[in-house]
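I opened this structure to note down, step by step, what I looked up in it.

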Amino acid sequence: MSIQKYDVIVIGLGAMGSAAVYQLARRGYRVLGLDANIRRHKNGSSHGTSRIIREAYLEGSDYVPIVQRAYELWHELEAETGQELLKITGCLTIGEPHSTFVTGALASCKRFNLAHEYLTASEVNRRFPGYTLTDNLEAVLEPNGGILFPEQCVMAHLDLAARHGGEIHHEEQVLKWTTQGDNSVVVETTQGSYAADRLVITTGPWANEWLAELGVPLKVQRIVNAHFEPDNQERFKPEVFPVYLLEAPEGEYYGFPLLPGEGIKLGRHDIGDVCTPQTINREVDPSEIQMLKQVVDRYMRGGAESFKWSLTCMYTNTPDRNFVIDRHPGNSNVVYGCGFSGHGFKFASAIGEILAEMAVDGKTRHSIEFLAASRFSPNSPVAIARN
Ligand SMILES: Cc1cc2nc3c(=O)[nH]c(=O)nc-3n(C[C@H](O)[C@H](O)[C@H](O)COP(=O)(O)OP(=O)(O)OC[C@H]3O[C@@H](n4cnc5c(N)ncnc54)[C@H](O)[C@@H]3O)c2cc1C
């Protein structure tokens, strides 16, 4: 029996896979996107109402050109769909003067001459009265920071992919992939089999099930976010309350202004139980909410007058918290992106472009050498330095 053949199959249609399917379909390739879950699910890493986007990249300035391209592509997606997917609010990266957050953000600003201001705690509190920062803290304010609406972004990529002729199947789990003699790839799912010249794997927190043999060390981490209603809505509106990253003695946090019906949202970035998509505890303990409320009470007084709701999500972390985007060593027709380490969403539009270019052109215009999996091989200088 003959099976249907595509130019490219994409496994996993979260932030990254939806963008890859869109990029391939708009280039005119015959593409099939497969996802095990329903269309708008909350089982992976791309659900919820908000993700931060920012340019002053404290995790490493090599990311700056990629996020700048991502901004362009998000704006193009907005134009093509007529939807607001990105709201600019400014972003405050807050920490003690020599903290990793503040020095990292400043290093990116300096290398790429990014627009920014350096503010003391009292300057932040005066300009943005929702903040009540303590005197030990300072902040880098970047005017281009803002909020992406993640579920709308994923839907926009999928809808446009379909409009450009892409085929999208949800609730169809991929069971395995194999290569044939002519180097094409056969993908077996719960519904059938398909063949393609190229394969893209973007399975988020499920990546270990697919890429374990590559030796990319991924650890999935449970993350809790909480929404609170402030006492005074005016001080927490997006126009006067930039999104923030906060490195404080209590830990690393990030958060958002008041969005209609959502209250304000925050989460802790630096800790979370190790889990898998099968074992994650979806129940949130009152002590986890209390920990987040205490941070609001100290640094954004009045922001957490009442608790609204909480949610759990997963980071898929690499040891150095940099992404892995590479080609499968055993099959050059297979490319993958994984280990987005809790900071990947903002890049998704550009990562879709990178994966599409790698899959069909064999190379990408972006400088992504620092994201190669070879850094984890036992003989790489990075791995040796780590040992
Ligand atoms: C709480 C939280 C806050 C975050 N905040 C930010 C932020 O502010 N800014 C930022 O830039 N990033 C942020 N991130 C990170 C960002 O959201 C993730 O890096 C990104 O969403 C990862 O997308 P993904 O496509 O890799 O994974 P996912 O979105 O999880 O997609 C993987 C998909 O693969 C599918 N799949 C898995 N196995 C199979 C199979 N066998 N067959 C078919 N389909 C399969 C799944 O169903 C899923 O849809 C945050 C993450 C979390 C959890």
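**Confidence.** I noted that this is a predicted model, in which local features need pLDDT of at least 70 and side-chain atom pairs count only at pLDDT 80 or more, while totals for chains, interfaces and linings use all residues. Residues are numbered from 1 along each chain as its sequence is written. The mean pLDDT (the predictor's confidence in each residue, from 0 to 100) is 95 for the protein, and 97% of its residues reach 70 or more. Over residues 382-387 I found that pLDDT stays under 50, and there the model has six contacts beyond four places in sequence, a contact being two residues whose C-beta atoms, placed from the backbone, lie within 7 Å.

**Domains.** The domain assignment, whose bounds come from an automatic or database source, gives domain 1 as 4-46 + 151-215 + 320-386 and domain 2 as 51-148 + 219-317. I looked up their C-alpha centres, which lie 27 Å apart, and saw that the contact takes 28 residues from domain 1 and 28 residues from domain 2. On the side of domain 1 that touches domain 2, the elements giving two or more residues are α5 (150-163) and α8 (348-360), where helices (H or I, at least four residues) and strands (E, at least two) are DSSP runs numbered from the N terminus. Of these, α5 gives the most, with four residues.

**A three-stranded sheet.** I traced an open sheet with the order β3-β8-β4 and antiparallel pairing, two strands being paired if DSSP finds at least two bridges between them. Because β3 (51-53) and β4 (86-88) stand at the edges with a single partner strand each, one side of each is left without a neighbour in the sheet. The strands β3 and β8 (residues 146-148) pair over three bridges, and in β8 the bridge partner of Ile 52 is Ile 147.

**Ligand.** Which residues are the closest to the ligand? I found 36 residues around the ligand, the closest being Gly 12, Gly 14, Gly 44, Gly 204 and Gly 344, with a residue counted as near if its C-beta atom, placed from the backbone, lies within 6 Å. The elements that give two or more residues to this shell are α1 (15-26), β3, β13 (219-229) and β18 (306-317). I also noted that the shell draws at least three residues from each of domain 1 and domain 2.
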